[in-house]
Amino acid sequence: MEEFFFDFVSRSAYRVKGKLLAMGSIMSEINLKDFFVPNYILSLGSEVERVSHPPVCPVIVFINSKSGGQLGGELLVRYRSLLNKNQVFDLGESLPDKVLHRLYHNLGMLKDKGDLLAVHIEKNLKLIVAGGDGTASWLLGVVSDMRLPHPPKIATVPLGTGNNLHFSFGWGKKNPGTDRESVELFLSQVRSAKEMKIDSWHILMRMRSPKEGSSDSIASLELPHCLHAFHQDGWHLFRGGFWNYFSIGMDAQVSYAFHSERKLNPENFKNQLTNQKAYLKIACKQGWFVSPLCHPPSRNIANLAAVKIMRREGIWEDLVIPSSMRSIICLNLPSFSGGLDPWGDPSKNKLHDSDLTPPYVDDGLIEIVGFRNAWHGLVLLAPNGHGTRLGQARRVHFEFHKGAINHTYMRIDGEPWKQPLSVEDDKVVIEISHSGRVDMLANLPCRAKSVHDPSSTHNYGNRDYYINRDDKFAEEHVVVKKFGAASTFKFVDDRDIVHYHQ
């Protein structure tokens, strides 16, 4: 009912007591100066402007103009017409790391000169990111990588197909309106949004380079924005991270087929509803609904890899994966595949669930869920439906069996890729571990749950242990490695996985 209400009021007009009232009337109190950033803040050398109205909620807006069919471009034009056009950036033209590094350099220079507005803007700055899950993750990675003393909080505008990250924090999953009233309503929600933290997770994959053609196969990979490949001492290393999920198996295979088709025929993917129908059609073609016929058991997760998890620092234990699982998802947020919740709310009355907790987004734990096929996934549509809960962990370790398969499909926060696997020498190893937290903005209704929220009805005994250990873990690993415009995380030392290859 709440979701319906928010969808309803996002239209350009609504009825009250039989009268049609323009939404502009309920937005009359919004002052666009509250969100304005002057040019001299954005670009050093510009003439200093006298600002009579300090912005209550200064924003920098990043829009993926290619997302949402034509909506991304329309939204770009609308924001530039309402705000200073120089504080609104097209991600197709401006890389966010360069924009933010320049902005914070300017703020630092101005603060040194005693500019009080620069101090105010740095303290209160918020980012608006319009795009799909991949775009949102890209910006989260950039902010995480900058490691600012006062990092900006981030609000997201859903312009993708799944929009799982947006939905988790109350920003909806349907593409927004691009009219003035809809944008002003969103700005007012950003101004009043509450702050929440979200766990970030880094991923490290290591595989021996093939004896022949080692460079070409890796160089040609189209990796997600937040994943980077490089070659070192006869090894291929892949580093990156995520905030919502990392998955392996048939769900990623279907997603890869969808993205490949959309890249080849972009004219057929111009709106969210069309995209969702196309996704379902491709899932059928890929055999996700008739997996036993199209997906041999040899490709099931248990036959491909052994999985270990760490629930307590330094203690690894085997994760039991049923032989029928064709997909495994390491999930941080309560939204997957367009708003479905694979983890649900574990029942303390069930023996299997007695040691499990709700999916808090800032507890340093990641949920691991398995699926057999698409029919299994349809269980999520039922009340209290969920996937097969496999466990929760601070770290997850995958070790692919030598020669089991020459490639598999993986997906990070909505971005899939086809990952080659070594079949000649050592086993392929993937390790996921906690890597700090980033600040988000949450709107109502917000599905994400925080261990720091006193209104939460859930609690569990070892919560402080996890939180405190995560902070200590972050302090112990101080080496920062950067690998491009979307470099994201503070990575653990390579030695953490060396013993698996001895």
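The legends below describe several close-up views of a predicted model.

Residues are numbered from 1 along each chain as its sequence is written, and side-chain values use heavy atoms, with hydrogens and water left out. Because the model is predicted, local features need pLDDT of at least 70 and side-chain atom pairs count only at pLDDT 80 or more, whereas totals for chains, interfaces and linings use all residues.

**View 1. The protein chain as a whole.** The chain contains 17 helices and 19 strands; these are DSSP runs numbered from the N terminus (helices: H or I, at least four residues; strands: E, at least two). Of its 502 residues, 54% count as buried, where buried means under 20% relative accessible area, exposed over 50% and partly exposed in between (1.4 Å probe, protein chains only). Among contacts (heavy atoms within 4.5 Å) between residues at least 6 apart in sequence, 76% join residues at least 24 apart.

**View 2. The largest nonpolar core.** A nonpolar core is a set of buried Ala, Val, Leu, Ile, Met, Phe, Trp, Tyr and Cys residues joined through side-chain atoms within 4.5 Å. Of the 65 residues in the largest one, Ile-41, Phe-62, Tyr-79, Leu-100, Leu-103, Ile-128 and Phe-169 touch the most other members. Helix α7 (residues 133-146) supplies the largest share of this core, seven residues. At least three residues come from each of domain 1 (31-199) and domain 2 (200-442), with bounds taken from an automatic or database domain assignment. Another core, of 36 residues, lies apart from it and includes Ile-203, Phe-238, Val-396 and Met-410. In soluble globular proteins, nonpolar side chains tend to be buried together.

**View 3. The surroundings of Ile-128.** With neighbours within four places in sequence left aside, Ile-128 is in contact with Val-59, Ile-60, Val-61, Phe-62, Tyr-79, Ala-155, Val-157, Phe-186, Leu-187 and Val-190.

**View 4. The contact of helices α5 and α7.** The axes of α5 (residues 96-112) and α7 come within 10 Å and cross at roughly 40 degrees. On the α5 side the contact is made by Pro-96, Asp-97, Leu-100, His-101 and Tyr-104, and on the α7 side by Trp-138, Leu-139, Val-142, Val-143 and Met-146.

**View 5. The surroundings of Thr-178.** Thr-178 lies in the loop between α8 (164-168) and α9 (180-192). This residue is buried, with a relative accessible area of 16%. Leaving aside neighbours within four places in sequence, Thr-178 is in contact with Leu-71, Glu-74, Leu-75, Arg-78 and Val-183. The C-alpha atoms of Thr-178 and Gly-72 are separated by 8.8 Å, although the two residues are 106 residues apart along the chain.

Terms used: Axes are lines fitted to C-alpha atoms, for helices over the stretch in contact, and angles run from 0 to 180 degrees between N-to-C directions.
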